[in-house]
Amino acid sequence: MHGLMMDTPLLVSSILQHAERNFPEQEIVSVTADNPLHRYTFADCARRSRKLADALQQLGAEAGDRIATLAWNDYRHLEAYYAIGGAGFVCHTINPRLFPEQLVFIINHAEDQWLLTDPLFLPLLEKIAPQIEGVKGFIVLTDEAHMPKSSLPNAICYESLLEKGSAEYAWPELDERTAVGLCYTSGTTGDPKGVLYNHRSQVLHAYAGVAPDALNIGNRDTVLPVVPLFHVNAWGTPYSCLMVGAKLVFPGPKMGDGETLCNLIETEKVTAALGVPTVWLALLQYCEKSGKRLDNLQRTAIGGAAVPVSMIREFHQKHGVWVSQGWGMTEMSPLGTVGVPKVGMEGLPDEEMYKIRAKAGRAIFGVEMRIVDDNGKELPWDGVAFGALQVRGPWICSDYYKLDGSADTHTADGWFDTGDVAIIDSDGFMSITDRTKDVIKSGGEWISSIEIENVAVGHPDVAEAAVIGVHHPKWSERPLLIIVKAEGKEPTRQDLFDWLDGKIAKWWMPDDVVFVDEIPHTATGKIKKIALREQFADYSLPEGSS
Ligand code: ADP
């Protein structure tokens with residue numbers, strides 16, 4: 001027997017309508033290329049998004065058309081999210097840090113019809129324009145006064161385009177399974193793969209994201225997403241913050257600038273901030289140098305890469321801020337787990353709490369997870385067994401755009417194989433130990449590169465650490481520790497060995513330590529292990545190691 005409930009579709013336009021009706025005065029503050037501090041309200045955002053949707057339709061955009069954005073986090077990019085998705089087009093967010101050949105690949109693969117771009121990226125687009133001829137026009141996210149000169153014949157000013165749209169535009173009532181967004185994985189191996197979100201997945205993901213034991217976002221919060229709108233929906237904040245009426249603060253092109261972030265947190269009274277570990281490194285370094293404290297900030301959600309205990313400790317001890325670690329991926333919209341302690345853990349000593357928060361966290365409702373061995377057999381949640389991490393749920397991709405099942409990422413019983421290797425403890429806290437392809441296999445046993453990196457980076461003289469497996473005649477692979485020294489510090493190889501001693505299993509001790517000026521990063525700010533493995537391909541470990 002079916003229940004008797006309305007079948008109201010879950011649409012992102014309904015989030016915007018709800019936000020306009022219930023929180024019209026709530027603010028959105030942005031740093032943009034043409035304004036150091038732009039300020040407007042949810043009502044303004046809703047009105048302008050309708051105008052943009054209408055204007056795009058006047059340009060000839062049709063249902064299902066992919067319309068791309070190449071932009072930092074600000075209010076115009078947010079309008080693009082709602083206008084494009086809400087109108088039934090697909091908002092294809094592009095990472096501007098990708099290499100030009102990757103940009104060309106994904107723009108053509110997605111068959112983008114229009115591209116909204118920050119003025120800063122025009123020179124880049126001018127270079128690749130002959131290779132992306134399918135794009136009908138480039139909409140430059142600025143006003144006429146700031147419109148740069150461009151050799152592109154089809155560059156249109158965003159504000160002028162918006163003027164042509166009607167604020168009376170009515171959002172279509174779409175099927176909730178209509179595609180709403182498209183984001184390509186960064187493609188560290190092979191070509192980037194497109195993940196195609198739908199309205200239903202994004203609305204459910206936003207509901208899950210605001211919960212107290214997830215990102216914990218409400219009407220009284222001011223949220224600073226330092227996670228880019230161009231990568232995995234900025235962890236759902238464009239939808240979740242408007243859903244609950246949280247004030248939004250966007251850092252624009254200043255995402256990596258510790259001083260700007262610190263000032264925004266102070267002046268806008270930011271209560272919750274979200275980002276990958278590298279951006280918080282910049283913020284913490286700035287605070288240390290300037291002696292500033294993050295007094296308003298209550299919590300940060302950090303994910304996208306493992307969070308070292310040292311960072312969690314520094315946030316808490318110096319700023320009174322608790323870190324909740326999250327894990328997820330492009331294919332998961334991205335939220336999968338969040339590391340909020342369970343009831344009964346509140347009295348634990350701080351150092352114990354830091355260790356719990358250094359895990360990737362527990363699955364939020366909507367995400368089922370399991371770890372399996374090489375034969376696909378499920379492994380216990382005992383805090384010891386390592387296995388391939390698999391997930392399933394309504395905001396996890398069932399396939400990649402135009403790949404028709406050829407990606408080989410889904411199991412026969414319908415789970416998505418994340419490509420991560422993990423341990424899950426008896427409380428359900430999961431820890432990522434490696435990407436499958438980064439795992440170090442020494443004498444048939446797995447060594448977690450991430451765990452060694454986390455301990456190494458806690459050394460006060462270390463700025464960044466990476467561990468890769470290098471060839472060893474007896475053990476097949478052994479760990480090599482690669483270090484970037486902290487500014488003005490001169491740690492030695494022996495200092496690192498002494499530091500790791502007792503903090504990791506004896507047989508995990510790296511066979512050597514090398515110092516480099518820089519560790520390569522992917523377009524999303526993660527350590528590029530592939531490049532490191534190439535760089536150290538001919539490396540031979542010192543005589544007598546292991
Ligand atoms: P990319 O496009 O680089 O694949 P994603 O954001 O999709 O970007 O990356 C997802 C991957 O990032 C995960 O599969 C995992 O390996 C890593 N990751 C995310 N969060 C964490 C975390 N908390 N700890 C360790 N690794 C993480």
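These legends accompany close-up views of one predicted model.

In this predicted model, local features need pLDDT of at least 70 and side-chain atom pairs count only at pLDDT 80 or more, while totals for chains, interfaces and linings use all residues. Residues are numbered from 1 along each chain as its sequence is written, and side-chain values use heavy atoms, with hydrogens and water left out.

**View 1**
The domain assignment gives domain 1 (9-211 + 231-253), domain 2 (369-435) and domain 3 (440-535). Such bounds come from an automatic or database assignment. The C-alpha centres of domain 2 and domain 3 lie 26 Å apart. Seven residues of domain 2 are in contact with eight of domain 3; contact means heavy atoms within 4.5 Å.

**View 2. The interface of domain 2 and domain 3.**
About 540 Å² is buried between domain 2 and domain 3, and carbon and sulfur atoms give 60% of that area. Buried area is the accessible area (1.4 Å probe) that two parts lose on being put together, summed over both. Phe386, Thr433 and Asp434 supply 68% of what domain 2 buries against domain 3, more than any other three residues. The count of salt bridges between the two domains is zero. Here a salt bridge is a side-chain nitrogen of Lys or Arg within 4 Å of a carboxyl oxygen of Asp or Glu. Two residue pairs are in polar contact across the interface, both at pLDDT 80 or more. A polar contact is a pair of N or O atoms within 3.5 Å; within protein, one must be able to donate a hydrogen and the other to accept it, and residues adjacent in sequence count only if both atoms are side-chain atoms. Strand β20 (residues 430-435) gives the largest share of the domain 2 side that touches domain 3, three residues. Strands (E, at least two residues) and helices (H or I, at least four) are DSSP runs, numbered from the N terminus.

**View 3. The cis peptide bond at Pro334.**
Ser333 and Pro334 are joined by a cis peptide bond, with omega about 15°. Pro334 sits in the loop between β14 (322-328) and β15 (335-338).

**View 4. Positive phi at Asn216 and Lys402.**
Asn216 is not a glycine, yet its phi is positive, about 55°. Its place is the loop between α7 (199-210) and β10 (222-225). Lys402, also not a glycine, has a positive phi of about 65°. The loop between β18 (387-392) and β19 (416-424) holds Lys402.

**View 5. The salt bridge of Arg76 and Asp34.**
The side chains of Arg76 and Asp34 meet in a salt bridge (3.1 Å, N to O). Arg76 lies in helix α3 (residues 75-86) and Asp34 in the loop between β1 (27-32) and β2 (35-41), 42 residues apart. Both Arg76 and Asp34 are buried. Buried means under 20% relative accessible area, exposed over 50%, partly exposed in between (1.4 Å probe, protein chains only).

**View 6. The salt bridge of Glu288 and Lys318.**
The closest N and O atoms of Glu288 and Lys318 are 2.9 Å apart, in a salt bridge. Glu288 lies in helix α10 (residues 277-290) and Lys318 in helix α11 (residues 309-319), so the pair ties together parts 30 residues apart in sequence. Glu288 is partly exposed at 48% relative accessibility, and Lys318 is partly exposed at 39%.

**View 7. The salt bridge of Glu490 and Lys485.**
Glu490 and Lys485 meet through their side chains in a salt bridge (2.8 Å, N to O). Glu490 counts as exposed at 60% relative accessibility. Lys485 is partly exposed at 29%.
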